[in-house]
Amino acid sequence: MLHIFKRLSTFENNSILSDLAIPELLSEKKKQIEQLLSCSEKWGKNINILCAQKRKNSEQFQKLIQEAERNGKE
């Protein structure tokens with residue numbers, strides 16, 4: 001996706017090509033790609049948070065199982 005963004009930036013900087021292609025369309029596409037990249041970053045952060053929470057929950061669950069096993073043997 002970043003590759004497309006760089007190509008659009010290069011395309012916008014070329015005045016002849018920019019005049020032939022509708023500048024408003026290029027600008028809108030650039031905004032959409034920026035929004036997609038931002039959304040992707042947010043989802044990446046959310047995934048990291050969820051993975052950390054899953055690890056924490058797994059550790060807590062394992063501790064509970066170990067405690068239950070120890071209490072059952074006593």
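**A tour of the model**

Modeller: Happy to; the protein has three helices and zero strands, where helices (H or I, at least four residues) and strands (E, at least two) are DSSP runs numbered from the N terminus. This is a predicted model, in which local features need pLDDT of at least 70, side-chain atom pairs count only at pLDDT 80 or more, and totals for chains, interfaces and linings use all residues. Residues are numbered from 1 along each chain as its sequence is written, and side-chain values use heavy atoms, leaving out hydrogens and water.

Colleague: Which element has the highest mean pLDDT?

Modeller: pLDDT is the predictor's confidence in each residue, from 0 to 100. The protein averages 82, and 70% of the residues score at least 70. Helix α1 (residues 2–13) has the lowest mean among the elements, 56. The highest, 92, belongs to helix α3 (residues 23–73).

Colleague: What share of the residues is buried?

Modeller: Buried means under 20% relative accessible area, exposed over 50%, and partly exposed in between (1.4 Å probe, protein chains only). Cys 39 is partly exposed, at 36%, and Cys 51 is partly exposed at 36% as well. Of the 74 residues in the protein, the buried share is 8%.

Colleague: How many disulfides does the structure hold?

Modeller: A disulfide here is a pair of cysteine sulfur atoms within 2.5 Å. The number in this structure is zero.
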